[in-house]
Amino acid sequence: MISITSLAAEKIKGLMLEKGEQDAALRVIVVEGGGSGLQYMMTLEHAQNEDDQVVHENGVKILVDSQSAPLIEGSQIDYVEGQGL
C-alpha cells in the first residue's frame, strides 16, 4: 500500500527519539483540497483506529485511515535534503 525508504525511516525514528515519541506511529492522512488537489499530512500518533491499515517497514509503524488508503496506494515516503522550493 505505502512504503518508506530506509533514509526516511531513519529520519522519522530520529525525530521520534528527539521528541520522546519512540512508541508512536506515523499517521499518513490524505484530504481533498478543493480546487488545489490532494493534501498530504503526516503526524505522530499513539492511537490506532479500528479502520486503520497498518504497515511496518524499516522499523516504522505507519497508520493509514480507510479513506486515505486508496489515495496513497503505491506511494513511497522518502527524505531529500537541500531541495528548496
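Tutor: Start with burial. Buried means under 20% relative accessible area, exposed means over 50%, and partly exposed is in between, with a 1.4 Å probe and protein chains only. Strands are DSSP runs of E, at least two residues, and helices are runs of H or I, at least four, numbered from the N terminus. This is a predicted model: local features need pLDDT of at least 70, side-chain atom pairs count only at pLDDT 80 or more, and totals for chains, interfaces and linings use all residues. Residues are numbered from 1 along each chain as its sequence is written, and side-chain values use heavy atoms, without hydrogens and water.

Student: What makes strand 5 largely enclosed by the rest of the structure?

Tutor: Four of its five residues are buried, so the rest of the structure largely encloses strand 5.

Student: How do you know that strand 4 and strand 5 pair?

Tutor: Pairing takes at least two DSSP bridges between two strands. Strand 4 (53–57) and strand 5 (60–64) have five, in the antiparallel sense. Valine 55 stands opposite isoleucine 62 there. Strand 2 and strand 5 run parallel, joined by three bridges. In that pairing, leucine 26 stands opposite isoleucine 62.

Student: Why is asparagine 58 called partly exposed?

Tutor: Its relative accessible area is 38%. Asparagine 58 sits in the loop between strand 4 and strand 5. In this hairpin, with two residues between the strands, asparagine 58 takes a positive phi near 50 degrees. Most residues other than glycine have a negative phi.

Student: What makes the nonpolar core a core?

Tutor: Its members must be buried Ala, Val, Leu, Ile, Met, Phe, Trp, Tyr or Cys, joined through side-chain atoms within 4.5 Å. The largest such core has 17 residues; among those touching the most other members are Val60, Ile62 and Val64. Helix 1 (6–18) and strand 5 are among the elements that each supply at least two residues. Helix 1 gives the largest share, four residues.

Student: How do you know that aspartate 65 has no salt bridge?

Tutor: A salt bridge needs a side-chain nitrogen of Lys or Arg within 4 Å of a carboxyl oxygen of Asp or Glu. For buried aspartate 65, the nearest side chain of opposite charge, arginine 27, is 4.8 Å away. Lys and Arg count as positive, Asp and Glu as negative; His and the chain ends are not counted.

Student: What lies 3.0 Å from a polar atom of the aspartate 65 side chain?

Tutor: The backbone nitrogen of glutamine 67.

Key
A polar contact is a pair of N or O atoms within 3.5 Å; within protein, one must be able to donate a hydrogen and the other to accept it, and residues adjacent in sequence count only if both atoms are side-chain atoms.
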